[in-house]
Amino acid sequence: MVENEILSYEQTNRALKRKRIRGKIGKIAALAFVYLVLIVMYAPLVYITIYSFTNVQTTGSWGGFSLKLYENLFNYAGNQKSQDIWNAARNTLLVAVVSAVISVVLGTLGAIGIHYTRHKWWRNTLEFANQIPIVNAEIVTALSLVILFVSILHMETNFATLVVGHVVLALPYVVLSVLPKLEQMDPSTYEAAMDLGATQTRALFKVVIPDIMPGILSGFLLSITLSLDDYVITTFTKPGEFETISTYVDSAMRKGGLPTQLRAFTAILFSIILLVMIGMYVKSALDVRKQNRKLKGVD
Amino acid sequence: MEAVAVQRTHRRRSNFRGMLVIPFVAFMVFFVLIPLFLILFYAFTDASGRPSLANWADIFTSFEKWKTIGITFAVAITTTAICILIAYPIAFILSNKKFNKNKVLVYVFLLPMWVNFVIRTMALKDMINTMFSSLTANLPFLGLVIGMVYDYLPFAILPLYNQMLKMDKNQIEAAADLGANPFRVFFKVIVPMTVPGIISACTMTFMPTMSSYVIAYHMSNDKIQIIGSLINFYFMSGTGGYNSGAVLSLVMLIIIGFSLVLERLSNNKEDARKGGIW
């Protein structure tokens with residue numbers, strides 16, 4: 001009876017092996033699914049990149065390898081469409097950086113204020129208000145801002161209104177990135193700094209800000225990302241003649257057909273993404289190695 | 001005496017940091033709360049500012065508008081369901097140390113956003129029309145849903161991923177050790193723990209799907225209109241159209257409010273359950 005219940009060494013070994021193999025298959029299947037979805041998500045960009053190397057009017061037919069589209073894009077003197085693309089790219093980047101900087105400053109201060117507030121109801125109210133732009137439909141945000149600017153304040157939409165629109169979009173995400181870092185922080189370091197004679201501002205900049213820097217940085221990156229990706233708020237709040245990449249592409253598409261060199265531009269953006277991706281992988285691999293070395297050092 | 005002094009300085013210190021919230025509050029009041037009240041005000045007034053329900057009557061007595069609202073819901077529900085079905089396993093795999101130790105993979109899902117979504121939509125449209133001979137012209141609904149899923153999948157993955165990071169892995173193991181089969185573990189342990197994430201992922205895909213008229217326009221070859229297209233139409237028709245736009249915005253706001261309440265309730269229940277155990 002007892003002998004029946006206790007598995008022999010070989011049996012245990014076999015069972016363990018089976019379990020390990022099953023686990024391995026599961027892992028491969030799981031990662032295969034993830035990569036399959038990623039491939040589908042990146043496929044349109046790859047598709048456009050392939051067709052950026054042939055000089056045809058519309059994608060789908062191959063006209064032989066050519067770098068003509070890149071030439072058109074970079075020799076923009078005298079080429080109105082290429083100039084428009086570069087103009088729009090510059091505007092997009094400008095709005096992204098300006099709105100991200102403002103969002104990060106307001107959002108970091110806001111998160112610190114929310115974290116150190118003494119009243120629970122106030123904290124709840126602030127967190128709820130912060131949630132509104134996140135869940136709100138972008139077009140509602142956009143229309144409400146336009147009503148404020150145009151109908152109530154009798155302003156023309158200008159660069160500032162566009163930036164405000166993008167800050168509304170990004171600010172809540174900055175707060176959400178910074179808050180968890182504040183919660184992880186050791187609260188006594190700030191007190192210690194003050195006890196050692198630091199002023200409040202100094203303690204803030206020398207102790208709190210460095211501690212929550214990773215959250216601030218990821219908030220900044222998120223702001224940039226949201227701004228680069230935006231269309232609806234941009235088109236509602238931008239001044240008339242000002243085009244960003246999204247509004248430019250949309251209006252070109254409605255007028256019937258994109259300029260072919262936009263494919264080359266898209267390919268360049270795609271390669272920037274690939275570079276960033278490789279950079280992130282290398283950095284994380286280096287981090288892992290550094291950590292391993294540190295662990296060995298402790299031993 | 002000394003203790004009181006210490007307490008007083010302590011309070012003053014806290015106030016300093018609490019004060020830092022003022023610029024944030026000012027910004028939120030001016031550019032989030034006041035504009036929302038303006039939507040409310042504009043929805044119930046006419047172009048000259050007098051109280052009126054004419055805009056509601058205009059919109060909700062029109063068969064065309066009801067059709068648009070119906071189609072919008074159909075598109076939004078289909079898109080949200082597909083997004084959750086794809087995003088849930090992905091978020092689970094990404095957040096599980098057994099499968100993925102690398103946080104970089106999460107960012108890889110977000111990186112396409114650096115190429116603006118209008119360009120990505122245009123690229124997607126070009127690609128599927130080449131692969132499936134003019135799909136967006138022949139099957140506008142399918143084309144539209146493909147476009148929406150493609151653009152909003154990352155928005156479904158992120159909240160689910162964040163929720164699953166917080167998930168108590170021991171409970172899953174415990175359930176399995178106590179003899180629950182994987183299906184039971186999934187439906188009885190994992191899904192209940194991720195309800196807040198599921199609701200917020202639904203909100204994050206449902207709302208943009210209702211408003212994203214650019215995707216609707218291009219991915220259905222202008223054959224399907226959604227609520228967002230209508231709001232945009234009213235916006236384009238000048239300041240006189242703001243009132244009608246505000247009516248539709250208010251309808252969307254009500255849906256949003258409803259989902260917010262739902263999210264809050266599910267979160268509270270979670271907290272209450274935790275509190276009950278200890």
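Me: Hi! Where in α8(B) does the kink lie, and about how many degrees is it?
Reply: Hello! The kink in α8(B) is at Y152(B), shortly before the proline P154(B), and comes to about 45 degrees. Bear in mind that this is a predicted model.

Me: Good to know. How many residues does helix α8 of chain B have, and how far does it reach?
Reply: Helix α8 of chain B covers residues 140-166, which is 27 residues. From its first C-alpha to its last it reaches 40 Å, close to the 39 Å expected at 1.5 Å a residue.

Me: And why is α8(B) said to be largely enclosed?
Reply: Because 20 of its 27 residues are buried, α8(B) is largely enclosed by the rest of the structure.

Me: What about α11(B), how many of its residues are buried?
Reply: For α11(B) the count is 16 of 17, so this helix is mostly covered.

Me: How far apart are the end C-alpha atoms of helix α11 of chain B?
Reply: They are 25 Å apart. Helix α11 of chain B runs over residues 195-211, and at 1.5 Å a residue its 17 residues should span 24 Å, so the two values agree.

Me: On to α13(B). How many of its residues are buried?
Reply: In α13(B), 8 of the 10 residues are buried, and the helix is mostly covered.

Me: Which ones?
Reply: The buried residues of α13(B) are I227(B), G228(B), S229(B), L230(B), I231(B), N232(B), Y234(B) and F235(B).

Me: What follows α13(B)?
Reply: G238(B) follows α13(B), and the phi of this glycine is positive, near 95 degrees.

Me: Speaking of positive phi, which residue other than glycine has a phi near 50 degrees in chain B?
Reply: That would be N221(B), whose phi is positive and near 50 degrees. N221(B) sits in the loop between α12 (213-219) and α13 (227-236) of chain B.

Me: Why does N221(B) count as partly exposed?
Reply: N221(B) has 17 other C-beta atoms within 10 Å. A residue needs 20 or more to be buried and 12 or fewer to be exposed, so N221(B) is in between.

Me: And over in chain A, what is the phi of H154(A)?
Reply: H154(A) has a positive phi of about 50 degrees, although it is not a glycine. Its place is the loop between α6 (138-152) and α7 (159-184) of chain A.

Me: Is H154(A) buried or exposed?
Reply: Exposed, because H154(A) has 7 other C-beta atoms within 10 Å.

Me: I'm also curious about L275(A). Where is it?
Reply: L275(A) is part of helix α13 of chain A, residues 261-298. L275(A) counts as exposed because it has 10 C-beta neighbours inside 10 Å.

Me: How far is L275(A) from L73(A)?
Reply: In space L275(A) and L73(A) are 21 Å apart, C-alpha to C-alpha, and in sequence they are 202 residues apart.

Me: Let's zoom out. How many helices and strands are there in chain A?
Reply: Chain A has 13 helices and 0 strands.

Me: What is the radius of gyration of chain A?
Reply: Chain A has 27 Å, whereas a compact globule of 299 residues would be near 19 Å. The C-alpha trace of chain A spans about 85 × 65 × 40 Å along its principal axes, and 38% of the 299 residues count as buried.

Me: How is chain A divided into domains?
Reply: The domain assignment gives domain 1 (2-53) and domain 2 (80-257) of chain A. Their C-alpha centres lie 40 Å apart.

Me: And the domains of chain B?
Reply: In chain B, domain 1 is 2-43 and domain 2 is 65-277. The centres of these two domains of chain B, taken over C-alpha atoms, are separated by 32 Å. Their contact takes 4 residues from domain 1 of chain B and 7 residues from domain 2 of chain B. On the domain 1 side there are 4 nonpolar, no polar and no charged residues.

Me: Last topic: how many residues does the contact take from chain A and chain B?
Reply: The contact takes 70 residues from chain A and 69 residues from chain B. On the side of chain B that touches chain A, the largest share, 13 residues, comes from helix α2 (residues 22-43) of chain B. That side of chain B divides into 50 nonpolar, 14 polar and 5 charged residues.

Key
Residues numbered from 1 in each chain as written. Chains lettered and ligands numbered in written order. Predicted model: local features only at pLDDT ≥ 70, side-chain atom pairs only at ≥ 80, totals over all residues. Contact = placed C-beta atoms within 7 Å. Helix = DSSP H or I, 4+ residues; strand = E, 2+ residues; numbered from the N terminus. Nonpolar A, V, L, I, M, F, W, Y, C, P; charged D, E, K, R; others polar. Domains from an automatic or database assignment. Rg over C-alpha atoms; globule rule 2.2 N^0.38 Å. Expected span 1.5 Å × (residues − 1). Bend = angle between axes of the 7 residues up to and from the residue.
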